[in-house]
Amino acid sequence: MYDKTELLWNLITQNFSGRQNEKLHKLVESYYGSNPLKENLNFLIKSLEESYGTVILTTGFPILKLVAPETDGPLGVIVLSKVLTKLGFSIEIITDILTQPVIEKLIDVAKVDVAFIYVVSAPKNWNNRVIQEIMRNVHEIRLAISVETPSPNRVGVYHNMSGFNITNIVGHFAPIFEFFKMKNIPTIGIGDGGNEIGFGVIRDLIIRNNAIPFAKKCRCPCGEGIVADVKTDALLSASTSNLGAYALSALLSLKFKIDFPLTPELEEKMLIAAIDTGAVDGITGEKRLMVDGIKITKLKEIISQMIKIIKE
Ligand SMILES: [Zn+2]
């Protein structure tokens, strides 16, 4: 099992898109002192093994220039949902208002059973409402997993990877993760840029090593860098967040001897559905079958490799 974890970690951290986030993967490795995928898998299994209940998944990182949702994040959430429902867990998704239609369409296309979708927005009182709604069944929540969810920096400003302030167009997820922490709900953060929920755990390392562009100074008047302040109990980086979520889903399927539900064909179907509902590629901003600059042909190849690794 653990040699497969090694192979999958090597696969999901390859520089497919040329966006150079290898430094980030090295820092996550140094934070754990071992394979981060293995650490995240162990944490995930430990959080879920005691009893059945609800898993909350969060995603939604809109593109500033286009005010549109992106293709990275929602697909990862859907694949995790498929595996976790097969294992008997109830799924609730928290997303932003722009990403909501993409999530709804993907639930339909991938035929996954999601109990509830919460929508967070920029105004703070909306999020209090979401927290109040989650509160009702808080004792049911076993785990929260963030896949490509924006995090504010140390002074509460949300930024994109180009260093610009996106506070007014993103869902404000920070109070929700503060709530999880207060309630001792285990959390996992999956990201690829250093400005997503979870990277708070290696914030100082990212800044000291100048590991991402605009780590020390952003392009907005807040004057701070873009590095995430919100921490999660476990942190996973990957070439794109979807690939991190897929690898974790693949290992979970292997561990509990269920079929891994993702196929290259399903990836293409989901990507077409995401584009149809307004999603764009997070790097180029284009309405094409791509995730963070990686074309569908390459994505299908990566998924085939993933399936081969867990089946061998
Ligand atoms: Zn700023």
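**A walk through the predicted chain**

Modeller: The buried residues of α10 are Glu267, Met270, Leu271, Ala273 and Ala274, where helices (H or I, at least four residues) and strands (E, at least two) are DSSP runs numbered from the N terminus. A residue is called buried if 20 or more other C-beta atoms lie within 10 Å of its own, exposed if 12 or fewer, and partly exposed in between, with C-beta atoms placed from the backbone. This is a predicted model, in which local features need pLDDT of at least 70 and side-chain atom pairs count only at pLDDT 80 or more, while totals for chains, interfaces and linings use all residues. Residues are numbered from 1 along each chain as its sequence is written.

Biologist: Within what arc do the buried residues of α10 fall, seen down its axis?

Modeller: The arc is that of the directions from the helix axis to the C-beta atoms. An α-helix has 3.6 residues a turn, so residues three or four places apart point the same way. In α10 the buried residues line one face of the helix, because they fall within an arc of 160°.

Biologist: Which helices do the buried residues of α10 pack against?

Modeller: Contact here means that the C-beta atoms of two residues, placed from the backbone, lie within 7 Å. The buried residues of α10 have as their packing partners α4 (74–86), α5 (100–109) and α11 (296–311).

Biologist: Which strands stand at the edges of the open sheet?

Modeller: Six strands form this sheet, with parallel pairing, in the order β3-β2-β1-β4-β5-β6, and two strands count as paired if DSSP finds at least two bridges between them. Each edge strand has a single partner, so one side of each is left without a neighbour in the sheet, and these strands are β3 (116–120) and β6 (234–237).

Biologist: Inside that sheet, which residue of β2 is the bridge partner of Ile56?

Modeller: Strand β1 (residues 54–58) pairs with strand β2 (residues 90–96) in the parallel sense, over five bridges. The bridge partner of Ile56 in β2 is Glu92.

Biologist: Is Asp292 buried or exposed?

Modeller: Asp292 sits in the loop between β7 (290–291) and β8 (294–295), and its phi is near 50°, a positive value in a residue other than glycine. Since 26 other C-beta atoms lie within 10 Å, Asp292 is buried.

Biologist: And is Lys257 buried or exposed?

Modeller: Lys257 belongs to the loop between α9 (241–255) and α10, and its phi, near 55°, is likewise positive in a residue other than glycine. With 6 other C-beta atoms within 10 Å, Lys257 is exposed.

Biologist: For the chain as a whole, what is the radius of gyration?

Modeller: The radius of gyration is taken over C-alpha atoms, and the globule rule is 2.2 Å times the number of residues to the power 0.38. For 312 residues a compact globule would have a value near 20 Å, which the chain agrees with, its own radius of gyration being 17 Å.
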